[in-house]
Amino acid sequence: MALSDDTADGERQRKLPFSAFLKGAWQVLWTVLITMIGLLAVTFIIGRVMPIDPVLSVVGESASQATYDAAYKELGLDKPLITQFLLFLGNVLQGNFGESLLTARPVSQDLIRVFPATLELATVGIIIGIVLGVPLGVVAAVKQNSWIDHIARVIALIGYSMPVFWIGLIGLLVLYGQLGWVSGPGRLDIFYVDIVPTVTGMILVDSLLARDMDVFWNAVSHIILPAGLLAYYSLAYISRMTRSFMLEQLEQEYITTARVKGLSERAVIWRHAFGNVKVPLITVIALSYAGLLEGSVLTETIFSWPGIGSYITTGLLSADMNAVLGGTVVVGLVFVCLNIFSDLLYKFFDPRAK
Amino acid sequence: MKAFKSLRQDKTLRLGKSLTSGKALLVGALAGSIALSASLAIAKTPANILVIANRIDDITTLDPAQSFEFAGSDLSRNVYGKLVNFDPADFSKGYQPDLAASWSVSGDGKTITFKMRSGVKFHSGNPVTAKDAVYSLQRAVKLNKTPAFILTQFGFNKDNADQTIKLIDDMSFSITTDKKYATSFVLNCLASNIGGIVDMKTVMANEKDGDFGNAWLKTNTAGSGAYKLVNWKPNESYTLTVNKDFYAGKPALDRVIVRHIQESATQRLLLEKGDIDIARNLNPQDITGITGNKDLAVDSDLRGRLMYISFNQKDPNLSKPKVIEALKYLIDYKGMQDSFLKGQYTIHQAFLPRTYLGEIDDKPYSYNVDKAKALLKEAGVDGLELKIIVREAQERVEIAQSLQNTFGKAGVKVTLQVGTGKQTLSVYRAREHQIYVGAWGPDYPDPNTNAGTFAFNPDNSDAAKATGLLAWRNGWALPEMSKATKAAVQEPDKAKRAAMYQAIQREHQKRGPFAVMFQKIEQTGRRANVKGVNVGAAITAISYWPITK
């Protein structure tokens, strides 16, 4: 992570005894399991009580009753609800989410296709958000109530309050339509599509693996605007949180002590104050990242980005419950994993969390 | 694929100045994403590739025996040949020989014998023979998927398909219907999507558990049309490449790429920048926005969808002929067409969409409050109160609001009941509505697709439960007209048959409890250099092969 550069010298890794590790791991696993089952159950029930007829979305309005009945059976809708759920649960454990009504392919295959697109976008977005948001927050706190602080506040406020739809379209209109600085919607220009072999599904990574810089730069010019848009939103949040964490630390006595000791201002701010801000900041960043990984439906729609957000939404609108449930499981897993990951980082950074 | 690399334009991208100081960061925070600047020559689509923006998230399968959506029909029309087909150069000629070179009809009018065109090949290289045609039709009947009714209405079913669809020799076969039908009826149906002829050898090689290759054909194609499928990424894009051996001559463009672009505004931007050649879902505002741009052009084409309102004949007031007539005079056709439906719908008052066999363009009704008042008076109805049910789709709700307003001018008090598609449809199917605002799209390119529902209702009893028939849904008993509709289905002479439909429609306009109001217009934005775009009018889908740029 970019943050650790300044602070690597100040931290020491601690080792946990193995038995404690096992116990911890078991606890984590248990929590994950309960959370996931709960998530599946809720989604499944909501899906079944929705006032959409999944059969009609398969066969269309003018199908004969016989065709309708056949499809009804084929979807397993004639079985009791609890049986349907248990069947679904069993399949999910085997990594089988069933077939999507809309794409006529296994949902797992669809997810492998759409999730990397979101992952790529969200990761670039959160990196920009951190790289710009954290220093912005720090500077705003250090120079509290100066013009820098005011500008930072305005930027964050705009980030909070502008509708993503509007700002995305304006971004496209100006940067793509008028200035031509970035490429338009989609992940690649058409003549770059399907050139590099799919390995991770993230075009930036795949093109680097294939050492195809033309494709890489084209992908960069496509991703920069939507990722910048997502970054702006997380930046607004991250910079505000960084500022308030920093302000709290800068008022502490140890900062005064450090200054009295004659440490440089740089060391006081970055090593001492920021060193203590890192821990709560991890939670903030992890949550923003998880939010981005859910897939931003609006951003994906405007930029024709085939990600998981629009996949789940399209599925929802057409009563494609397999797709919705599969997508929900992935999003749920992402949240749980990021939580575990930030817990681990806590243990790494925070001397108290042992 | 590598060939496309050479098409790339020379783009040089460089990273902007790296941002170092805190102040620069502040400036950079908002503009962070602009750190990239590219000296872009405007990205134009390559000369041999057609790039189209369209909403293609409705494609659920590519199997011609199952596909029944708009975007799927676009693809199917260009990938699969049919026995007979519509010529994009002139739809008014009706169906023309395609993979069948000729046909003859038996004396009793039940058997049609087809002779196949020789020398045509599938994309796989296999020759197109009568065996493939027989297999394709039999598998469509036996699979019995959503569009199967288009074929099974002629009496084919999975038990008799082997006898009724019969191979004669390598290049000829026959089909025998259960009754005598107009040849034009049968052939029009064979010209619809489900009539797509698949490559038997390829499909059978990919059959699984006796599914006639249905699972494989969902995501693959085996046709003989002008283009062949390279790949289909659901909700993302599909790519077609030219069939150099297309029997009607190699199409001009080597590749067609259709990208799923949901937003009209995004489609417009891409079109203006030249990143796409055709934008198929521009909304009226964006159409207005690009009008006047010299590099772009807008085409308007009639499509098959109709907007109508219907009056339930179980209602004592609404069943009075004078009341029906009066209400038809209380619709502000022109006002709606020129305001919120502008560019999307045009006035049309008959149940067959224009470009269909037997179409009429009569418009006997216009907005006339005085006449309506007089008619209501003659009917002896005073202080009429009506409920209109309408589905929560913007244009339909707007239509209902306009009706509420104009009906009110003649003292007819209207309440609106807005519901989801499922809610309104279930009320309609149960015949519990008073007035319903409906949209109807034809299922196959023969007049019977609409006549058979607007003007056909052999048994009006509740027990008949003919929920598929619009006439039944509105409780309209029409024995005479049902007979006429049935007779039209069997009339062998095409011109006479067209005349029969014209007569039925005129009668329907006069007496029917339906006020057909509008026919759909589709507006397509294209680069001015792109020529020969024909989206298929009301009867079929877009043809890519005549397009040049």
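Leaving aside neighbours within four places in sequence, B:A471 is in contact with B:T453, B:F454, B:A455, B:F456, B:N457, B:W476 and B:L478, two residues being in contact if their C-beta atoms, placed from the backbone, lie within 7 Å. This is a predicted model, in which local features need pLDDT of at least 70, side-chain atom pairs count only at pLDDT 80 or more, and totals for chains, interfaces and linings use all residues. Residues are numbered from 1 along each chain as its sequence is written, while chains are lettered from A and ligands numbered from 1 in the order in which they are written.

**Nonpolar core**
- B:A471 is also among the residues with the most contacts inside the largest nonpolar core, which has 241 residues, and B:A455 is another of them.
- The largest share of this core, 20 residues, comes from helix α9 (residues 213–250) of chain A.
- A nonpolar core is here a set of buried Ala, Val, Leu, Ile, Met, Phe, Trp, Tyr and Cys residues joined through C-beta atoms within 7 Å, and a residue is buried if 20 or more other C-beta atoms lie within 10 Å of its own, exposed if 12 or fewer, and partly exposed in between.

**Sheet in chain B**
- An open sheet of four strands in chain B has the order β6-β7-β9-β8 with antiparallel pairing, where two strands pair if DSSP finds at least two bridges between them.
- Its edge strands, each pairing on one side only, are β6 (100–105) and β8 (165–169) of chain B.
- β6(B) and β7(B) pair in the antiparallel sense over five bridges, and B:W103 has B:F114 in β7(B) as its bridge partner.
- Helices (H or I, at least four residues) and strands (E, at least two) are DSSP runs, numbered from the N terminus.

**Chain A**
- Chain A has 14 helices and zero strands, and of its 354 residues 42% count as buried.
- The domain assignment, which is automatic or from a database, gives domain 1 (2–93) and domain 2 (107–353) of chain A, whose C-alpha centres lie 25 Å apart.

**Confidence**
- The model scores ipTM 0.74 and pTM 0.82, and the mean pLDDT (the predictor's confidence in each residue, from 0 to 100) of chain B is 89, with 92% of its residues at 70 or more.
- Within chain B, confidence is lowest in strand β1 (residues 13–15), at a mean of 29, and highest in strand β7 (residues 111–116), at 97.
- Over residues 1–43 of chain B, pLDDT stays under 50.
- Where pLDDT is low, the predicted coordinates should not be read in detail.
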